[in-house]
Amino acid sequence: MTILEPAPVDDLNRALGLVRRISVEPSGRAVLEYEAGRHMCHSGGVVQGGFISGWLDSAMAQAVIALTGSEMAPMSLDLKISFFAPGRDR
């Protein structure tokens, strides 16, 4: 089941640049769309890795909520991300 909806407007989602939830499925899969802004970038228009990590952490939380039916509060104990190429703003 795919759920398409606009992103809720709250301070956290606004700061992270969440545009919309493309899909959130009970199988534990979530696809979210973010837009990088200039305020998220350092030299050369490269998105700071903390924002990208936040995007991934938020998507994982949405997947856990979908999988457990909100029975579990999603929290990250550890998060390892390897960056292979820079993310850039538009």
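**Figure 1. A nonpolar patch on the surface of the predicted model is formed by Leu 56, Met 60 and Leu 79.** Together these residues have about 240 Å² of accessible area (Shrake-Rupley method with a 1.4 Å probe; for residues, only the protein chains shown count as cover). Patches are made of residues with over 30% relative accessible area and no salt bridge; like charges are joined within 9 Å, and nonpolar side chains (Val, Leu, Ile, Met, Phe, Trp, Tyr) within 5 Å. Leu 79 is placed in the segment after α2. With a relative accessible area of 36%, Leu 79 is partly exposed (buried means under 20% relative accessible area, exposed over 50%, and partly exposed in between, with a 1.4 Å probe and protein chains only). This is a predicted model, in which local features need pLDDT of at least 70 and side-chain atom pairs count only at pLDDT 80 or more, while totals for chains, interfaces and linings use all residues. Residues are numbered from 1 along each chain as its sequence is written, and side-chain values use heavy atoms, with hydrogens and water left out.

**Figure 2. The whole chain has 2 helices and 5 strands.** Helices (H or I, at least four residues) and strands (E, at least two) are DSSP runs, numbered from the N terminus. Along the sequence the pattern is β-α-β-β-β-β-α. The chain has 90 residues, and 33% of them count as buried. Its accessible surface comes to about 6,200 Å², and carbon and sulfur atoms hold 59% of that area. Among the contacts with a separation of 6 or more, 44% are between residues 24 or more positions apart (a contact means heavy atoms within 4.5 Å).

**Figure 3. Strands β2 and β3 form a hairpin.** There are 3 residues between the two strands, and Gly 28 in the turn has a positive phi of about 95°. The pairing of β2 and β3 is antiparallel and runs over 6 bridges (two strands pair if DSSP finds at least two bridges between them). Leu 18 has Tyr 34 in β3 as its bridge partner, and Val 24 stands opposite Ala 30 in β3. Ile 22 also lies in strand β2. The relative accessible area of Ile 22 is 28%, so this residue is partly exposed. Ile 22 and Leu 32 are 10 residues apart along the chain, with 5.4 Å between their C-alpha atoms.

**Figure 4. Side chains alternate along strand β3.** Ala 30, Leu 32 and Tyr 34 point to one face and are buried. Gln 62 counts as buried because its relative accessibility is 17%.

**Figure 5. The structure holds 2 salt bridges.** A salt bridge is a side-chain nitrogen of Lys or Arg within 4 Å of a carboxyl oxygen of Asp or Glu. One of them joins the side chains of Arg 14 and Asp 11, with 3.1 Å from N to O. Arg 14 and Asp 11 are separated by about one helical turn because they are 3 residues apart in helix α1 (residues 11-16). Arg 14 and Asp 11 are both exposed. Another salt bridge is formed by Glu 33 and Arg 20, whose closest N and O atoms are 2.6 Å apart. This pair links distant parts of the chain, 13 residues apart, with Glu 33 in strand β3 (residues 29-34) and Arg 20 in strand β2 (residues 18-25). Glu 33 has 24% relative accessibility and so counts as partly exposed. Arg 20, at 36% relative accessibility, also counts as partly exposed.

**Figure 6. A search of the whole structure gives 1 aromatic pair.** The ring centres of Tyr 34 and Trp 55 are 5.4 Å apart and the planes lie at 15°, so the pair is stacked. Tyr 34 is in strand β3 and Trp 55 in helix α2, so the pair links distant parts of the chain, 21 residues apart. Rings of Phe, Tyr and Trp (its six-membered ring) pair if their centres lie within 6.5 Å; planes under 30 degrees apart count as stacked, over 60 as edge-to-face and the rest as tilted. Both Tyr 34 and Trp 55 are buried.
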